Amino acid sequence: MMAKTFTMSATKPSLESLIRLLALLAGVALLVVGLLFPLVAMLVKSLQDRAGDFIGLANFVQYFQTPALVNSIVNSLRVALMTTVVVVGLAFVCAYGITRTCMPGKRLFRMLAILPILAPSLLPAISLVYLFGNQGFLRDVLAGHSIYGPIGIVMGMSFWIFPHALMLLTTALTNSDARLYEAAEALGTPKWRTFLTITLPGVRYGLISCLFVVFTLAITDFGVPKIIGGQFSVLATDVYRQVVGQQNFQMGAVVSVILLLPAVLSFIVDRWIQRRQVAQLSARAVPWQPTPSPLRDWVFTLLCYAVAGAIVLVIGTAMYASLVQFWPYNLSITFVHYTFQGMADGGWGAWFNSLKLAFSVAVVGTLVIFFNAWLIEKSEGYRPLRQGLHFMAMLPMAVPGMVLGLAYIFFFNQAGNPFNWLYGTLMILVLNTLIHFYTVCHLTSVTALKQLDPEFEAVGASLKVPFWTTFCRVTLPVSLPAVLDISVYLFVNAMTTVSAVVFLYNSDTRLASVAVLHLDEAGYFASAAAMAVLIFLTSLVVKLLHTALTHVLLNNAQRWRMA
Amino acid sequence: MHTTMTSLLAADSPAVMTPTTPHLRIEAVTKCFGTFTALDNISLAINEGEFVCFLGPSGCGKTTLLRTIAGLTQQTSGTLIQRDKDISRLPTQARDFGIVFQSYALFPNLTVFNNIAYGLRNRRDDRARIDKRVAELLALVNLTGSEDKYPAALSGGQQQRVALARALATEPGLLLLDEPLSALDARVRGHLRSQIKALQARLGVTTIMVTHDQEEALTMADRIVVMNHGVIEQVGTPAQIYHQPASAFVASFIGSMNFLEVTAQGNNRALLGTTPCACLPHTLKLGQAAQLAIRPEAVALSREAGALKGEVVGIEFLGPFQRVTLRLTEADQTIIADVPSRDSSDLDLFVGQMLSIHLPAEAARLYPAGSSQQ
């Protein structure tokens, strides 16, 4: 290593390697300023009193002596665990139906099942109020229990986390080796034993990973408990209440640190599992193909479409509620709620802000994240820098949105911070959202880049072509499907997220998702539903455009793939 | 295999080489990866217009040496001089070479034309000149008419030739080939071997090819550099490498070789068991344990009486010759002899037969014992 660094510094620096180094440094700087510094600022804040003096762990002591606050930990764990059981159970059954049975209508089911991802987590909460609330038409189903509280939170979270779990488990169950099943059959193994000894062990890593992802999403979610939690407080809503309600930033920081713990823990477990999962399936595995079995196929069709029905019901209810004059007394159809009278500056401005944010994040984020991943994967030299950048790119996954948003306040709103001018602009929202959803995009980029021939860059260099030309003419076009996936992922998340940005908007940059929250707080439930539906429809249109564009690109502009 | 070797036996004259200033001088190049030494103090000169093969088992450092020449790997110490210019610390872009990788690394989203023109575009040549040059190159590699095809539509051999054309497009002074034929099936490989060799001879471009395939090296190279464990074992023409292996490793790596345990005697003698054998002059000490190396085709069998006897324990029919395995009566060792098919009828070979074995002194080399391990 010493010798390597030595020759490195002895190498005559060419213009290209200088540019490469500058780009790497810029990437590192982005994540240091956008992630590390804010998190450090938050940790420091949790150790200070209101005057800003260091008081050690006094805030934490105070936290644990306040029963109302400590209670939230138990509440959070309770709803997160319940949600995990419900979601992973349902998702496993549905994923099994998709991959291991011949049930009809798989494509339609997969399309319907993915819909919740396009909606903000506030939408199911609003719908559930309409369905099971005091005026709800399914109120009696709850047999006297209130929807406001753990029941509503678990139902709402299950709705919007379900697609994440379904995608993970579908992938895990797709990777099967038919030869194992044939061997089991040849040995006369009963079906249930085959399931226990082949199917379950085969998906164990995917399943454990899925459990942790779902648990993390559930424990850190803010939208659902905010709308439907009632008096039932959880960690995420505590952060919001401490900061926005009571202006107690120190206690907000303390709750954030506590909220960070389960997320970091599941992050570590997930990374550990990912590392073990490598090459579990040999390259010679033969994919297993299901054969028709009428009884099994119909049972799974019923189960899957029951789930799909629930999803459609929730989304349909929100749409219907947004169009009804005055629920439940005057059910005539109107578009009046789409004028957003509850908002002083009009809701369409917020929607437009969200659109601007989502487009900016999609364009800037995709380029920055993909280029950084390229620097990490396809550069020679500067090894410590590249490893550092990769490590920081993995971190955002472990940082809940609420924590990141609050950390931004602490860091960027400091007097004397050179980046202080960002505060209150759309740019800080772009930066925050980009960092918040960085990890998944980074991993997608790395996977796509690893599939490319490792010698493209070397060939370009041997032909005296600068690296940026090869990047633009070869690497980027060849990775286009992955790049489009990243951009649409960023767009949809920027459109629907509420947790981090709820701390960072100002009157000029209010976002649609935040508007849903405010309309709901102010009692304009139908307008809140209308705004949530608007976000959902926007995401849906973009997703459809993306699908169409990908289709066109693969069939025309990227004809070479077919050759 | 056999035809190759007999033709080499016939044409036992080293390729003509005129002493000129070398195109590339590699001086004391060492490359370490952590504690692992991939290249250990390598020095080598490659002449202008020469076709040189780096040959060795996987992990011997041949690819590392090629990548060091290309600037894709930075040597830990040592100097590289190309046409009197020190390129040791130059980045890849500033060096003068074209390269063909094992995977070809053709850009999948660009047509054959754009792949070949990739390096020309950058030189801001005008369109007409680029068109002309690409057409020339396509003709050179027999792919005229494939301009608008994408790499995925080409066969492996065609892709390989496109990669070659792309590497030659900018008229580099040095052509580097990294196992260019190993991804192809045997028939295409044989065909391309002669095509590449003919092309190289026509263009006169100095070429370095890395390969682990001895047949490829023997048929294509003007000179072969045999490497093992990061050091050069021998540099020489194919005939020199085959007939005068400098070490037991080279002897065992190239072609088939019998190694018999013997004891060194005088300066051109050895003792096999109790039987004295003549061999080429050696420098081993009297009584030192040694290996006597002799090629199977040099071993002569006869039904007449002789000093060394063996029992036939196996006969393999290999077409032009029969490979006979014998156990020596003298010592518990086996020896292989390749008997040309036309001679085998005289011997009337069968398993269990006793034959006398003659080891011609001019084909028997002595190496220190235990040095043939790869």
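Predicted model: local features only at pLDDT ≥ 70, side-chain atom pairs only at ≥ 80, totals over all residues.
Student: Into which domains is chain A divided, and how far apart do their C-alpha centres lie?

Tutor: The assignment for chain A gives domain 1 (66–277 + 292–329) and domain 2 (353–557). Between the C-alpha centres of domain 1 of chain A and domain 2 of chain A, the distance is 24 Å.

Student: Which helix supplies the largest share of the side of domain 1 of chain A that touches domain 2 of chain A?

Tutor: In this contact, 31 residues of domain 1 of chain A meet 30 residues of domain 2 of chain A. Helices H6 (122–132), H10 (223–228), H11 (235–245), H12 (249–277) and H13 (294–323) of chain A each supply at least two residues of the domain 1 side. That side divides into 25 nonpolar, five polar and one charged residue. Its largest share, eight residues, comes from H12(A).

Student: Which residues does Ile126(A) touch, not counting residues up to four places away in sequence?

Tutor: With residues up to four places away in sequence not counted, Ile126(A) touches Ile227(A), Ala318(A), Asp520(A), Phe525(A), Ala528(A), Ala529(A) and Ala532(A).

Student: Which helix contributes the largest share of the side of chain A that touches chain B?

Tutor: The contact takes 25 residues from chain A and 27 residues from chain B. Helices H1 (2–10), H2 (15–46), H19 (456–462) and H20 (467–478) of chain A each give two or more residues to the chain A side. By class, that side has 13 nonpolar, seven polar and five charged residues. The largest share, five residues, comes from H19(A).

Student: Which strands are the edge strands of the open sheet in chain B?

Tutor: Four strands of chain B form this open sheet, with antiparallel pairing, in the order E2-E1-E4-E5. Within the sheet, strand E1 (residues 22–33) and strand E4 (residues 77–82) of chain B pair over five bridges. Each edge strand pairs on one side only, and these are strand E2 (36–47) and strand E5 (85–86) of chain B.

Student: At about what angle to E2(B) does helix H2 of chain B run?

Tutor: Helix H2 (residues 62–70) of chain B lies across E1, E2 and E4 of chain B. Relative to E2(B), the helix runs at about 65°.

Student: Is Gln247(A) buried or exposed?

Tutor: Gln247(A) is found in the loop between H11 and H12 of chain A, and its phi is near 55°, a positive value in a residue other than glycine. Because 10 other C-beta atoms lie within 10 Å of Gln247(A), and 12 or fewer is the criterion for exposure, Gln247(A) is exposed.

Student: Is Tyr104(B) buried or exposed?

Tutor: Tyr104(B) has its place in the loop between strand E6 (98–100) and helix H3 (112–116) of chain B. Its phi is near 70°, a positive value in a residue other than glycine. Because Tyr104(B) has 23 other C-beta atoms within 10 Å, and 20 or more is the criterion for burial, Tyr104(B) is buried.

Notes. Residues numbered from 1 in each chain as written. Chains lettered and ligands numbered in written order. Contact = placed C-beta atoms within 7 Å. Nonpolar A, V, L, I, M, F, W, Y, C, P; charged D, E, K, R; others polar. Pairing = 2+ DSSP bridges. Axes fitted to C-alpha atoms, helices over the stretch in contact; angles between N-to-C directions. Domains from an automatic or database assignment.
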